Amino acid sequence: MSAKPLEGIKVVEFGQNLAGPYCGQILAFLGAEVVKVERPDGDDARKWGPPFVDGDATGFIALNRGKKSITCDLADPGQREALIERIGAADIFVHNLRADVPAKFGIDGPTLTKRFPRLIYADLGAFGHTGPWKERPGYEPIIQAVAGLISLNGDPSGPAARVGVSIIDLSTGMWTAIGVLAALAKRAATGQGSLVNTSLFESGLMWASNHVAQYSVTGKMPPRQGTGHPSLTPYQAFECSDGPLMICPGNDRLWRKFAEVLGHPEWPDEPRFKTNVDRFERREMLLGMIADIMKRESRAHWSARLDALGVPNGPLNTVPQVLELAQTAALGMFLKPYADSPALFHGLPLSIDGERAGSLARAPKIGEDNSGEDGGGR
């Protein structure tokens, strides 16, 4: 694209670890100038290795490419005031500092939005901006535990499992970016900035929301489903002769086609399997019958037959297998910004006017832009 959507927008990001920096990364990849503020010893995530590339952990690089970096010791009045002036000259301030830090140093939302009425102030916390836990610290695994997500995942016969390595952090970064973009639209119409509040816990509650709705109606929680769905049947992975294949016949029409592939076109007309409610009530029976058939042939065999009838399916791939997919290569999601390293880093999962949002830029070194002409910490 000749001009990126956020070109001309200035962002100050006092982000650390994952969620705050990912919000900044989204804005940077959309064209904003993002100045990352770090403590003098740097973002903790720089040391979250191995592995390392160019002296920094890959997780840090993944979420901080294309930014500038300055350092600021908030305890130093001169550096703190310089930071506040930089924030005032920016359009957006994003941070995920510990809850008690902003007010202690005069960089909290009420103070700065009053001083700079056009500022969009995004405060990304652990447990939210209100309530008895508003100052409680938290990391991703804690949020997954407290929000109930770990209790919902994993094979029913095994231990509970985390949803993913960084799903809460990254989704909270996305929600923060969405809030910032909405605030920019509001400011364009009214001239007034906004205070945007997000938190890891709220994202965790959102991910658990379907189960909350189900429990609130029935008073019961379904058992952990493994690869399956708590309501749809069948809708999960089945073990073939050479590995598992995920199959998702998400409506009665697709169920009829799936049954045809299985060699039992009569099943959808039988009262016991006719509707999803019927199938759900006989879930274990039906899944066992399907499993007995699926294990007789390979994934390629079943996938070819399912594809021919338009039944959604796909193998459970490993990361190396994902990288070998022609579809992955065609989308151009992963880039090699370091010529001396094979490391692959993501662009954004969106394209505008046919171009991937992202760049080949590297992550900045600690404080490498301290001498910039637009002010800021030293």
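**Briefing: cavity, pocket and helix packing**

The largest cavity has a volume of about 30 Å³. This is a predicted model: local features need pLDDT of at least 70, side-chain atom pairs count only at pLDDT 80 or more, and totals for chains, interfaces and linings use all residues. Residues are numbered from 1 along each chain as its sequence is written, and side-chain values use heavy atoms, with hydrogens and water left out.

**Overall**

- The protein has 16 helices and 15 strands. Helices (H or I, at least four residues) and strands (E, at least two) are DSSP runs, numbered from the N terminus.
- Of the 378 residues in the protein, 44% are buried (under 20% relative accessible area, 1.4 Å probe, protein chains only).
- The C-alpha atoms fill a box of roughly 75 × 50 × 40 Å, taken along the principal axes.

**Cavity**

- The structure holds one cavity of 30 Å³ or more. A cavity is a set of points on a 1 Å grid over the protein atoms alone where a 1.4 Å probe fits but cannot get out.
- Volume here is the space filled by probe spheres set on the points, which are joined across faces, edges and corners.
- Phe14, Gly15, Gln16, Val37, Glu38, Arg39, Gly42 and Asp43 line the largest cavity. Lining residues have an atom within 4 Å of a point.
- That lining has two nonpolar, three polar and three charged residues. Ala, Val, Leu, Ile, Met, Phe, Trp, Tyr, Cys and Pro count as nonpolar, Asp, Glu, Lys and Arg as charged, and the others, Gly among them, as polar.

**Pocket**

- The largest pocket has a volume of about 1100 Å³. A pocket is an open set of grid points with protein on both sides within 12 Å along at least five of seven lines.
- Its lining counts 50 residues, and Gln16, Asn96, Leu97, Arg98 and Ala99 lie nearest the centre.
- By class, the pocket lining has 24 nonpolar, twelve polar and 14 charged residues.

**Helix 8 and helix 9**

- Helix 8 (residues 167–190) and helix 9 (residues 200–207) pack at about 105 degrees, with axes 9 Å apart. Axes are lines fitted to C-alpha atoms over the stretch in contact, and angles run from 0 to 180 degrees between N-to-C directions.
- The two helices are therefore roughly perpendicular (65 to 115 degrees).
- Contact (heavy atoms within 4.5 Å) involves residues including Trp175 of helix 8 and Trp207 of helix 9.

**Gln236**

- Gln236 sits in strand 9 (residues 236–240). Gln236 is buried, with a relative accessible area of 15%.

Key. Angles under 35 degrees count as roughly parallel, over 145 as roughly antiparallel, 65 to 115 as roughly perpendicular and the rest as oblique. Buried means under 20% relative accessible area, exposed over 50%, partly exposed in between (1.4 Å probe, protein chains only).
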